[in-house]
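Please walk through the assembly shown below, with attention to how its chains meet and how each is built.

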Amino acid sequence: MISYIAKRLGTGIVLALLVVFITFLLIGTMVEDVARTILGQSATPETTAALMAAKGWDRPVPVQYWDWLVAAVQGDFGQSVYTSLPVGPAVADRLAVTLSIIVPALLLTVVISVCLGVWSASRGGAADRIAQGLSLTGYVVPGLLLAIGLVVLLAVQLKWLPATGYTPLADDPVGWLRSITIPVVVLTIGGVANLTAQVRGRMIDELRKDYVRTLRTRGVSSTAIIVKHALRNAGSPALTVLSLEFIQMLGGALIIENVFALPGYGSYAFNAALQGDIPVILGITAFGVALVTVVNLATDLANGWLNPKARVQ
Amino acid sequence: MSTSDTAAPEARVPAWRRLAKDPQAVAAFAVLFVIFTLGLLAPLVTGHGPNESDLSAVNAPVGSPGHPLGADESGRDILARLLHSARTAAVSALIGTGVALAIGVTAGLVGGYFGRRVRFATEWLFNLVMTFPGVLLLIVLMPLTGGDYRATMLIFGVLLAPGLYRIVRNLVLGVKHELYVDAARVAGLGDARILRRHVLSVVRGPVIIAAAFMLGSSIAVQSGLAFLGVGSLEIPSFGAMISSGFRNLYIAPAQFLWPSLALGLTTASFVLLGNALRDALEGTGPKPLKIGSGQRVAVAPEDGDGEGALLEVRGLAIAYPAPNGSLKTVVEDVSLTVEKGQVLGLVGESGSGKTQTAFATLGVLPAEAVVTGGSIRFEGRELVGLDDHALSRLRGKEIAYIPQEPMSNLDPSYRVGAQLVEGVRAALPVSAREARQRVLALLERVGIADPKRCFDSYPHQISGGMAQRVLIAGAVASRPKLLIADEPTTALDVTVQAEILDLLRDLQSELGMAVLLVTHNFGVVADLCDRIAVMREGAIVESGDVRDVFREPRHPYTRMLLDSILDGSAVREDRPAAERSLT
Amino acid sequence: MSLLEVADLRVAFPGRGFRAAPVEVLHGVSLDVAEGETLGLVGESGSGKTTIGRAVLGLVAPASGSIRFDGRETTGLTRRARRGLAKDVQVVFQDPYTSLNPSLAVGDILSEPLIVQGAKTTEARSRVRSLLDQVGLPAGAAERLPREFSGGQRQRIAIARALATDPRLIVCDEPVSALDLSTQALVLDLLVDIQERTGVAYLFVSHDLAVIRRISHRVTVLYRGDLVETGPAAEVTSSPRHAYTRRLLLASPVADPEEQARRREARRRLTESSLEERVI
C-alpha cells in the first residue's frame, strides 16, 4: 500500500513539475510584451531590456525554471510585478475562498447524486423519470445563465441573499453562509446533473449482474444488496467522474466568482493573466496543479479501497 | 430450431430514419438550423453591422423603428448583434470540436490499436492535459492567444481532446480483441485497412454523440469567456451581449433576455440532439430494475394449499414485453414435479426456456418478465404472486441456487468468506461467529484444501473450479430442501466438471435434497438424475424416468437430440487425402 | 513431406504488470499436419491448444521453435510476406457472434479475403455466391447482416469466409463449442464434406473429445503447455496410453446412465490409484 501511494505521488510530482515547465516555456515567448506593458509610456528598447535583466527574464528558460523551483521548494513563489506582494500567501488566500465554494458544492453533489441515482436505478418508473428530468435540466441550462438567473431571483427580486461579495467565515459565519449559498447552488446543480447520470447508469449495470441474483437467492435483503454490494461496485467509476468534476469546478469557479464578485482563485488568475503578472501566473499554475495532483491521488486511494482488484495492480 | 435456414430478417431501420421520427431530435435540429442559418444570412436579414452604434438609439426598447429588438447601451442594434453572435458561436463550435475530433480520434485509434508502448505514451500525454483545469488554462494563456477567440477555441479543442481520446481508445481496445479483427488479420489485411474498415465503424457512433455535446460546450465556454471580457471587444458574441445586458439589467431587462435565450436554446438543443443521437445510435440503454418488488404476475393465483410433491409446477407461462408493446411468450406450458430427495434434469437447447423456468421457481426472473399463467407450488404452497419479502424467506433457506458462471456470481469487492457469512446470516438466525464456523466447515466439506485461506481470498484470487465449490457451499449452507442448479458445470473443464458432479451427488444423498438440474448436456443428466424433462421452445415435450427416456425416447425431438450426441461410436474412419493418393 | 510442421514451439506472454517476467504457456510442442488431414488438438483450459492455433496463424509470435508451412518457415515473416501465406492458411473461430463484424453485410465479409488477394469486384461477387452455396446458405444471404442469422448459420458464414481463397489449411478453433447439440453435428458434417471435396487440411482445436473423435484422423493431447500424446484418433480416444488422456476420457460423461455409472467407477479407481493431486 505504501509503495502504491509513493508511486502515485511520484507520478503526480513529475506531472506537476512538467506542467509548470510548460507554462514557463509558453510565458517565455511573451516576456517582452509583459515588460513593455509594465513600463507603459516609458518603454523603449533600452528600458525594456533593463527591466528584463533586472527581473532575470532574459536568462535561458531552464535556468529561470531551476531558480524558481529552488525558491518554491522553500516556500518562496516570488512577488507580484504590480503589487510587490508575495505570491504564495496571496494565492493561498484566494484558493481558500474558492475552496469554500467548491468543497461544499462537491459534498452536496455527492450526497444528492448518490441518493437520486440509486433511487432512480432501483425504483424505475416515475422515480427514474423525475431523476432523469432533473439531471437533464441541469445539463441543458448553462451555468452562466443559471448563476445570473438565481442572482436576479434570490438577491435582486426577493432580497433573501446578497447578490455579490464574500464574507470570510472567521468574520461572520452566518454572513459567510449567505455569501456562498448561491454560488454553491449553481455549482451543485451542474455537478448533480453530471454525476446523477453516472451513478444511475452504473447502478443499473450493477443491479443486472449475476452476483446480485445469486445474493437474492440466498435471501439477502434488497437494501443490503443495493447499498452494500451494488453501490460499492458502482462507486469506483463514479469516483473518477467526481475527480474530473472537481477539476471542472476549479475552472468553472472563475465565471461564478466573476458574477458574484468573489475574491477567489479564478478571478485572481484572470487579473494576473490580463496584466501579464508572470510570478502570479506561475504561482497560480503551481498551486492549481498541486491541488489537482492531491485530488487525483485521493481518488486513486479511494478507488483502491473500494475495488480490491485495483489495489493489487 | 436454430438450424432452420429461414431466419426472420430483423427490421433494419437506418439510424437517420429513427432520428427523423424522434420529435426531440427534430425540434433540436430545427432550432439549431434556424439560429445558424439566420446567423449565416445576417447581412441580408438586418441592415445594421454588429458594431455600428447609433447614439440616438441608446437603450432603444423592443419594437423601435429600425431596431426590432431594440438597441444596447452603445446604441448597437440587438438583432444584428444577435445574428452575428450566432456566427461567432458557430465558428467557436466548429473550431473547438474540430480540433478535439482531429486530435482525440487520431490519438485514440493509434493508442488503442498499436502496442502497449505507444499507448503508455499517449496515455501520459493526455493525463498531462487533463491535469489542468481547462477554463483556467485558457485564461492563463490569454496573453499568448492575443485575445483572438479563434485561437482560444483552438486551445479549448486540445483540452476537449482527452475525453474523446478515452472514448475512442476504450472502444478500439475492445474491438482489437474481437475475433473478426483477428480474422481480418489472417485474411492478410494491413493495419490501415483494418482501422478503416473494422475499427472506424465501431467508433463512429459514440464519436458523433460526443461531438454533439462538444459543440454545445464549446459555445458555452466561448460565451463564458466573452462574458468575462476575455478577447477582442469587437467580436459580437452571446457572452459579451449577456455581460452588457447584465450591466443594464435594471434599465432594460430585455437586453439581457435575448442573448440568454439564444445561448440557452443553442446549448440546450445540442444537448438534446446529443441525447437523441445516443438513443438512435446505441439504443435507449438498459432500463432500471425494480428491486425487491417481487415478480410481475398477470394471473390470479390458485386458491388453497394442497398436499403433494415438494415442487409442483403446472402450466407455467412466462412472457417478455416486445419492443412494439405486445408480450412475447418464452415459456408456454411447463409442468413438472420434483419429489422429495429426487433429482430432475431439465434439458433443452439454448432458448428453450429452461433457465427462465428455474428463475421463476426461485422468484428471481428479470423485472421485465411477466408470469402470464400457471402455478408453482413448493410443499403445497403457491409461490406465484408472493411478494419478494415472502419469497426471500424461502430463498436460501428452503430453496437454494447454483449458477452457471462461477466468477460473475461472486461480488468482486468482498472476500469470499464475508459473502458466504452474509448469506448464512440472511437465511438462518445465527451469530456472526457461528456463521463463520459454519462457512469454514462447509468450505472444507466441498473439497477446498485450505478453507481459511479461501475464506480470506477475494474472488479474483481463486480459480473457476474453486469458485464453483464456493457457490455450492453457499447454496447448501442452510440444508435446503430443493437445490436449483442452472448448468452448474458448463463453464468448467471436463475433469473439474467430473469432480463437481461427484460433489453434487455426494451432497445430494448426504442432505437428502431434491435437485432441479438445468442443463443441455445429456451426459450430465445420465450421471446425476433420476428423472428427465425435455424442453423445446418453451414447452416440455417429454418427461419420465432417466433410463426409460434414454432407452426409448417417445417424442421425435428427444430422439433427434439423442441421435445428435457425438459418442464413442462416432470415430472418423476415412483416411486423409494425402495417404489415399499414395496407395 | 507434411503440409504443416511445428517443431519445438515455445510461446510466452508478457506478465501482468510493469516489468513482470513473461509467462511461458507452451513449453516446446512439435506436431505436423499432412495434406488433406485433420489433426485434432485436445486439452483443457490452460493447455495451450488455442495458442498453437494462433501461432500457426501468425497472431501470436513464438519465443522460439519453428512453424513451417509447405516447407517454408513462417515465423518472423514481415506483414507483407505473411500476406502471401494468407491465401493458403485460414481460420474458423469459436464464437460465431464475435467473429463476424456486425456492421458489414455477409457479402462484404466473404469478399474481404478475396479483395486482399487482388480479385476484381465482379469476380468476388460470383465467388461469394458459390461460397454461400457450398456451405448451404441461400444466395440472398449476401445482402444481410450477421445478426439476422442463427448461431449455426453464422458459423457457416465463417466457414465460407475461410474457404474463400481455396486455402490448403484451415485452423478451426473450437468451431462448434458455442453451438447447440443438434447444430454441432450438422456443422461437423459440413466440415468433413468440404474436406472430402477440396482436400483442405484442418488443425482442429477443441476441448471436447467426442467432437475431436468425430472429425480427426489423428489426435494430439495437450496438458499445461506440454504435448502428452499423439496418435491415430481411434487409438488415442478409446485406448489412450497416457494417464492424463485416460482421465480426460473418463471424465466426460456419456448419455447412458449405466455406462456412465461404470465410467464413474473406473475414474474413481484411476484417481485413487494414481495419487495425483486434484486439478483444482
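The side chains of Glu422(B) and Lys228(A) meet in a salt bridge, with 3.6 Å from N to O; the term stands for a side-chain nitrogen of Lys or Arg within 4 Å of a carboxyl oxygen of Asp or Glu. Between chain B and chain A the count is three salt bridges. The helix that gives the largest share of the side of chain B that touches chain A is α12 (residues 253-282) of chain B, with nine residues. Helices (H or I, at least four residues) and strands (E, at least two) are DSSP runs, numbered from the N terminus. By class, this side of chain B has 44 nonpolar, 19 polar and eight charged residues. Here Ala, Val, Leu, Ile, Met, Phe, Trp, Tyr, Cys and Pro count as nonpolar, Asp, Glu, Lys and Arg as charged, and the others, Gly among them, as polar.

The model is predicted: local features need pLDDT of at least 70, side-chain atom pairs count only at pLDDT 80 or more, and totals for chains, interfaces and linings use all residues. Residues are numbered from 1 along each chain as its sequence is written, chains are lettered from A and ligands numbered from 1 in the order in which they are written, and side-chain values use heavy atoms, with hydrogens and water left out.

A further pairing between these chains is that of Asp388(B) and Arg216(A), whose side chains form a salt bridge at 3.2 Å, N to O. Asp388(B) lies in helix α14 (residues 388-394) of chain B and Arg216(A) in helix α9 (residues 210-217) of chain A, so the pair joins two chains. Side chains of opposite charge can pair when their charged atoms come close. A search of the whole structure finds 44 salt bridges over all chains.

How many residues does each side bring to the contact of chain B with chain A? Chain B brings 71 residues and chain A brings 68 residues, where contact means heavy atoms within 4.5 Å. About 6,400 Å² is buried between chain B and chain A, and carbon and sulfur atoms give 70% of it. Buried area is the accessible area (1.4 Å probe) that two parts lose on being put together, summed over both. Between chain B and chain A there are also twelve residue pairs in polar contact, both residues at pLDDT 80 or more. A polar contact is a pair of N or O atoms within 3.5 Å; within protein, one must be able to donate a hydrogen and the other to accept it, and residues adjacent in sequence count only if both atoms are side-chain atoms.

Chain B also meets chain C. The contact takes 70 residues from chain B and 81 residues from chain C. The two chains bury about 6,400 Å² between them, 54% of it on carbon and sulfur atoms. Across this interface of chain C and chain B the rule finds six salt bridges. One of them links Arg547(B) to Glu258(C), with the closest N and O atoms 2.6 Å apart. Helix α6 (residues 181-198) of chain C supplies ten residues, the largest share of the side of chain C that touches chain B. That side of chain C divides into 35 nonpolar, 21 polar and 25 charged residues. In polar contact across the interface of chain C and chain B are 18 residue pairs, both residues at pLDDT 80 or more.

Next come the individual chains. Chain A has 13 helices and zero strands, and its C-alpha trace spans about 85 × 55 × 35 Å along its principal axes. The domain assignment, automatic or taken from a database, gives chain A domain 1 (2-73) and domain 2 (89-275). The centres of these two domains of chain A, taken over C-alpha atoms, are separated by 35 Å.

For chain A, an unreviewed UniProt entry carries the annotation "transmembrane region" over spans including residues 12-31 and 133-156. UniProt positions are given in the numbering used here, feature names are shortened, and annotations may be inferred rather than shown by experiment. Residues 12-31 of chain A are 90% helix and 0% strand, with end C-alpha atoms 28 Å apart.

In chain B, the unreviewed UniProt entry lists "domain: ABC transporter" for residues 313-562. Over residues 313-562 of chain B the chain is 39% helix and 26% strand.
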